[in-house]
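Dear colleague,

I am passing on the structure we spoke about, together with some notes on what turned up in it. Please have it open while you read.

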Amino acid sequence: FFFPLPTPPHPIRFRFQLLVVYRYRYRVAMNHPFSPSPPTFSSDPDPVPVPVPPPPVGASVTGKTKTKTKKKKKKKCWFICLIGILGLYRAVYHYQHQLISSSEKSLKSSAWTSAHYAAHVFVPETRPCVESKTWGVITTIFEVNEAVRLFTSTFEDTCLVVVGDLKTEETDWREFELIQSNVIYLSPDDQKNLPFAIVKYLPWNHFGRKNIGFLVAIANKAEFIFDFDDDNHLNIRSFAEIENMNVVKASSTGHHIYNPYPFFEPEVKGKEVFCWPRGQPLQFINDPDTFALDIDISTGGKDIQVKDLAIVQSLADHDPDVDAIYRMTRPLPVYFKRKDTIVVPPPKAFVPLNAQAVIFKEAAFFGLLLPTSVNGRVSDIWRGYIAVRLLWETPFKVGFSSPIVTQYRNPHSYMEDYIFEKGLYEKTDEFLKALAGETSEEDLGLDQTYLHLISILVELELLERSDLELATAWVSDLNQYGYKWPAVTNHYDAFLPRTSTIVDERFIANENQNIPTVSKFQLGETFAEGVLPIRRFVIIGGQKIATLDLKEATQCNGKCLENAECDAWQLDNEACHLFADSKTQPLDIYQANDNDPQFVVGFIQRRAKVLRPTSSADDTIISKRVLYILHFHHEVIPHAYKKIVNEILPSSWQSNMDLVVITPREIDLEVYGIHASGSSLRNPFLPKSETSRRGANGQMSLPIARAKFPGYGGYLLVNDDAMLKNWDLNPDVWFGDRPWGTFAPSKYSKQKWVPRQIKARYPYGPYGWSWFNYDSGSAGERFNATRSNFDAALAALNELCRDKSITRTMDDSSLQEFCTNRTESTVMPFCNGKADALYVPGSDLGTAMSKAMTLFGEHDVFMEIAYPMIYNLLVPREKVLEMPYCDGTSNELAFVPYFQVTREEGRHLDCPVIHPIKFGKENAIVYWKEVVEEKCSWCEWKNENQTYWKIVD
């Protein structure tokens, strides 16, 4: 019996070891003449001999003692020996029985002990499966079932790691481990002894214990990990069958969500049904753009092979991975008709991955980590969304395959599932916005980007601090065991996901309301690959004339992107028209008085570039920079433009700023010392001449610049006839997270609508400030009669109050005052001001302001009305800044404060923003040069032909 034994805490083996030890120690204590050497076990690599005590008092070396004492000791000896022999017999009997039932497999093959760690990490060397590159991982609290037996018998060369928990049937799994040499069961005690950094961050009784199994596989050089649930029955005989599946690409609809289930033709009892995966945001379930069945026929998927897929998510027949809402309201079981196919989601589309049956290849192993601060029914979905977002940065893709498993579900309560899934229903939309809103930095590896994303989710309280600690330990473990992170080959810019539609049927009962919401476009819509915001509608005869279907627009957009010469596209009666360089072929956006308005809904602007001082590093982080948007309202005067860009602005430029020029028509940048091609950014919604006041949509310039060049810490829009005294402006105050403009904030009233009278003046608004009285760019209630800016502002304000993607950023007092308690026939805030400069931060507040500018631009609200209205609507009181703006005349160049400053930040500043200053006139250039040289200590006037800028994308 004294051969080395394994040390797992199996009750029978452990008792047998104790009996051997106790038998030896008894013989020593009794001075038995035939005491053997101390027993050694594999768990004791350096056994310490038990010291032999001296003979009892009165005993001789020959063992002779007094007769009376000897009899008592003999009785005690035989009594204890009898108990030991009986216990030993029982242990040996059960031990031999287990040897027979395990088909003569060595006991050492099931040992989880450091004595048997050899060629492979944390796995006994006698396990034949450790040589495999394919591993499976499950966690369970149930006993061994038929699904697991099927997996282990079918895939004998695959190691299956079973991660136990406190509730797991350990005895059953230990016996199964003896029978199946390709099974490795990790008991709670086994897990505690593993040297992984993540172990101390994993809670018990949580789905996230699986993370330990993933690391065991990765540490043993796995190349392929099948993460599945223990109630999924495999339908394939080899994973090689997946390699032979047909790969296709789903066509893009421009939506940030993709539901692959309808593509695979789900059926219940032979009838087609509609279903969606767990984790699909509820507000988009019925949105047809999320489950378009069209396949990208440009390549037919031939440019993608299975080897390009880092993750393959299998669907499941019978009881697929759907949420509790589906299970409680829709029919089951569901079977998918389409077989032997893998569909690749569209670019920049999030897809919900689950842990029911998913294959991770080595390139995606980093994405296996399950967060533990959320319920298990949320954890795998959010894990998948994080992995999908990070894979966009790599050459690898994600695919959904026809079912390779059939699920016969373990016991579940649908109502409990619903409760556990509440985080998915309530927070997934916000979770995806957080992922979409991050622009990857070019100087960061994928491991750093991964931790950055987790930290953002923690900051937004979508995950907890413990998840960041777990993720940090996970990255450390991956690096410790030689994981090779995939290379970053792409850098996706932040984008604004689509928001849910606001349903308002009040206009049905209101005979005077004649603006049906027929457009499918979402506010501030941005297409993939740098295509700028579209205009959703124009107003003709008091009605919204919507653009064509989003699907058609997306297809037209795709055609333009594929054509290297295409710069803009337009839909006309379902026909897609492509336009070459808009510099040589200018496009009119719409004809306001035409029965059939034509307007561009997408423009690429491939040549538009940003200018950056040559002194700035190439790897500068744009989130710490400000984009200065030089805004030309009308046609550009060439010599004035060159002076502004090459001499005037560089002479007092702040080093943390980049420059983009925005114009009604595209122009060449013409920068001194630069021969590279580049053009201005174009705002096609601007009026084309000084006499055209139609809308004067300057506010569209900021959303356009933000869409084309996302990720900046702030966006500063400045008209071409205004100037900033940069030397007086503290960047931490004036270019931080607080917006400001050239108008008096928090000064407004209210004005009720009255019937329009076509005359020179309008019946409301200050007589001396008549922008509310001017026509907007859209037709009014009577056909061919243009409506006023007041009508346009009222319509935009009412629509804004119904858009939750904007109103959620408003503080409670503003929401109550301007939306809840305001009647829809009243403009409040009724205000005005100058629109010569506007700063918007790159934060969520800035995003909401940009969306509001797009909305007011669609309604053709003049920008000197739009800016102050949007500011007072959205900016919280604690973030209000007053910019001491000074106005004057271009001839006299004498500037006086436009309003009285009441806040501390700007009281000491002397006209830091002035207007108008027309640099087409020589006296303006002379004046500004004198100001710069007299007031700025660090400025240096730039002479003609000095190289100051470099062009960046």
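Predicted model: local features only at pLDDT ≥ 70, side-chain atom pairs only at ≥ 80, totals over all residues.

The chain, which runs to 953 residues, has 56% of them buried, and its secondary structure consists of 23 helices and 34 strands. Of the contacts between residues at least 6 apart in sequence, 75% join residues at least 24 apart. The accessible surface amounts to about 41,200 Å², with 51% of that belonging to carbon and sulfur atoms.

On the H9 side the contact includes Ile 381, Trp 382 and Tyr 385, while H11 contributes residues including Leu 424, Phe 431 and Leu 435. Taken together, the residues of this contact divide into nine nonpolar, two polar and three charged.

The other pair is helix H18 (residues 789-800) and helix H22 (residues 863-874), with axes that come within 11 Å and cross at roughly 30°, which makes H18 roughly parallel to H22. This crossing, too, is right-handed. Here Asn 789, Ala 793, Leu 797 and Leu 800 of H18 meet Ile 865, Met 869 and Leu 873 of H22, and these residues divide into six nonpolar, one polar and no charged.

Note on methods
Residues numbered from 1 in each chain as written. Heavy atoms only, no water. Helix = DSSP H or I, 4+ residues; strand = E, 2+ residues; numbered from the N terminus. Buried < 20%, exposed > 50% of the residue type's maximum accessible area, 1.4 Å probe, protein only. Contact = heavy atoms within 4.5 Å. Areas by Shrake-Rupley, 256 points an atom, 1.4 Å probe, with all protein chains shown as cover. Nonpolar A, V, L, I, M, F, W, Y, C, P; charged D, E, K, R; others polar. Axes fitted to C-alpha atoms, helices over the stretch in contact; angles between N-to-C directions. Parallel < 35°, antiparallel > 145°, perpendicular 65-115°, else oblique. Left-handed = near helix turned anticlockwise from the far one by under 90°.
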